[in-house]
Amino acid sequence: MLNALGAWLRCLQDPATGDDLSDAWADPDLIDLMRVLEELKSAAAAVQACAAAVFDASQRRAQARAGVPAEQLGRGIGAQVALARRDSPHRGSRHLGFGKALVHEMPHTLAALSSGVLSEWRATLLVRETACLDVEDRHRLDELICADPSCLEGLGDRKLIARIRSITQTIDPASQIRRNAKAVSERYVSCRPAPDTMSYLTGLLPVAQGVAVYAALSRAADSRRAAGDERGRGQIMADTLVERVTGQTAADRVPVEVQLVITDRTLLSQFPLPQHRVTDAGRSESAAEAVNWRHKKAPDKRLVTQPEMPAYFPGYGSVPGAWARELIRSALGAGDGRAAPPRGADLFKGGSPPEPAQTEQSSLVSLRRLFMDPVSGELTAMESKARTFPAGLARMIRTRDQTCRTPWCDAPIRHIDHIQPHAEGGPTSYTNGQGLCETCNHAKEAPGWNATTIRTTPPGNGSASTPTPARPTVARPTPRTDPGSRHTVRITTPTGHTYTSTAPPLPGSQTMN
């Protein structure tokens with residue numbers, strides 16, 4: 001099967017396939033092709049579901065033979081599914097649960113998915129909407145809805161959900177109560193990036209609480225508008241939410257340490273700093289003299305201004321340098337914007353590290369100097385003899401990794417983990433540390449998982465990159481321009497598959513240019 005699928009995949013990936021479509025296919029044939037490919041996607045999803053269920057059973061047996069306690073059986077399986085599907089561990093667990101439900105409890109839905117009558121998303125709706133039923137009732141609903149594929153033709157998402165809920169209410173009236181109780185237990189608040197240096201703050205709440213919160217914000221906005229506030233109604237509601245949650249009197253004066261990461265060039269780009277050049281004879285000359293010298297050497301060329309480096313805002317990503325400066329100016333009371341001021345900013349410079357600078361906690365803005373190689377973008381490392389990572393070292397690793405280091409996982413960092421376990425002699429060092437979310441840190445504790453720090457050799461020496469265990473040394477990166485020169489970890493799963501995780505480039509490194 002793998003060989004046949006590989007041959008089909010190569011055919012679909014061939015650029016000539018797309019050219020052939022534009023030259024030799026009639027419009028009716030193109031519609032037929034799209035339908036066939038859609039059915040192929042559904043059939044592939046069905047095989048993926050079956051493979052995930054079989055893989056889960058096999059891994060659980062292997063873990064049981066390895067002596068894993070019963071309550072820990074299944075740990076790390078969803079993470080392996082996620083890596084195979086190039087998805088996050090959270091979605092990997094959902095894919096695994098989806099496959100097990102189809103194979104063990106909903107055979108008619110699996111058959112409809114295999115035949116292409118159901119898409120993967122509509123099969124997911126069936127699994128999700130019947131999760132509150134016991135196995136027997138789930139079997140019955142599966143048969144009522146999917147035993148006859150013709151009943152699914154032309155059925156959209158809303159109609160499908162309505163039919164599922166109608167039958168569920170008939171089969172088990174108490175299931176809706178259980179469903180509501182489960183939904184209340186899953187309330188949460190999340191924050192994710194939005195375009196243009198904005199963010200979405202989302203709260204999943206019981207309907208009465210959600211309506212009450214919105215009504216309170218609406219009343220506050222109406223009251224302030226009536227008193228002459230010139231802000232828009234939505235602006236007032238957003239600012240009131242920030243003020244009431246943080247306890248501040250103004251939304252733009254929230255004293256939260258946000259760890260803005262910015263280069264010294266970007267931070268000070270609006271200041272008239274003197275520029276000098278050292279000549280071959282050792283004489284220092286001004287920037288104007290340097291311009292004249294370069295023009296004489298190459299009169300047809302002019303100096304090219306280096307583009308401004310963006311900054312990095314944890315939890316959001318890259319932000320414009322001008323916006324970052326305005327954020328700091330706002331904290332100092334000198335800005336015009338309404339941005340939240342930082343309590344701390346990490347300032348990147350090139351060179352060797354001095355003694356750690358003291359930080360004044362009482363300041364609205366404080367700078368911590370972090371020194372990195374300007375080519376590779378790697379921070380200068382440090383280590384500790386303690387088992388747990390000290391605050392300063394943990395902050396460096398969080399700044400370097402930005403989010404969970406597991407491939408395709410964008411979750412916030414919750415744990416600073418030893419790549420080579422401390423129990424096996426792994427040092428508490430910058431090189432041997434990585435930021436992981438809670439799920440990924442627990443997954444790697446399952447039998448068969450292994451991670452190593454990859455040391456890449458400088459180009460030109462004829463050696464290939466080889467993985468070696470992390471060593472208890474203070475690492476000083478060798479300047480290189482290849483991505484492998486950044487901190488890189490190789491992850492090996494229980495099946496022997498390997499995945500590589502490279503730290504993202506930081507502001508000011510040549511890899512961002």
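H8 passes H9 in a right-handed crossing (the near helix is turned clockwise from the far one by less than a right angle). Helices here are DSSP runs of H or I with at least four residues, strands are E runs of at least two, and both are numbered from the N terminus. This is a predicted model, where local features need pLDDT of at least 70 and side-chain atom pairs count only at pLDDT 80 or more, while totals for chains, interfaces and linings use all residues. Residues are numbered from 1 along each chain as its sequence is written, and side-chain values use heavy atoms, with hydrogens and water left out.

**Two helix pairs**

Axes are lines fitted to C-alpha atoms, for helices over the stretch in contact, with angles from 0 to 180 degrees between N-to-C directions.

| Pair | Axes come within | Crossing angle |
|---|---|---|
| H8 (135-146) and H9 (157-171) | 11 Å | roughly 135 degrees |
| H5 (89-105) and H7 (120-129) | 10 Å | roughly 75 degrees |

That angle makes H8 oblique to H9, whereas H5 and H7 are therefore roughly perpendicular to each other. As for cut-offs, under 35 degrees is roughly parallel, over 145 roughly antiparallel, 65 to 115 roughly perpendicular, and the rest oblique.

On the H8 side, the contact (heavy atoms within 4.5 Å) uses Asp137, Arg140, Leu141, Leu144 and Ile145, and H9 answers with Leu160, Arg163, Ile164, Ile167, Thr168 and Ile171. By class that gives 7 nonpolar, 1 polar and 3 charged residues. Nonpolar covers Ala, Val, Leu, Ile, Met, Phe, Trp, Tyr, Cys and Pro; charged covers Asp, Glu, Lys and Arg; the others, Gly among them, are polar.

For the other pair, Phe98, Ala101 and Leu102 of H5 touch Glu120, Ala123, Thr124 and Val127 of H7.

**A pocket and a cavity**

On a 1 Å grid over the protein atoms alone, a cavity is a set of points where a 1.4 Å probe fits but cannot get out, a pocket is an open set with protein on both sides within 12 Å along at least five of seven lines, and lining residues have an atom within 4 Å of a point.

The second largest pocket is lined by 29 residues, with Leu2, Leu5, Ala44, Val47 and Gln48 nearest its centre. H3 gives the largest share of that lining, 10 residues.

The largest cavity has 13 lining residues, and Thr406, Cys440, Lys444, Trp449 and Ile491 lie nearest its centre. Its lining divides into 9 nonpolar, 3 polar and 1 charged.
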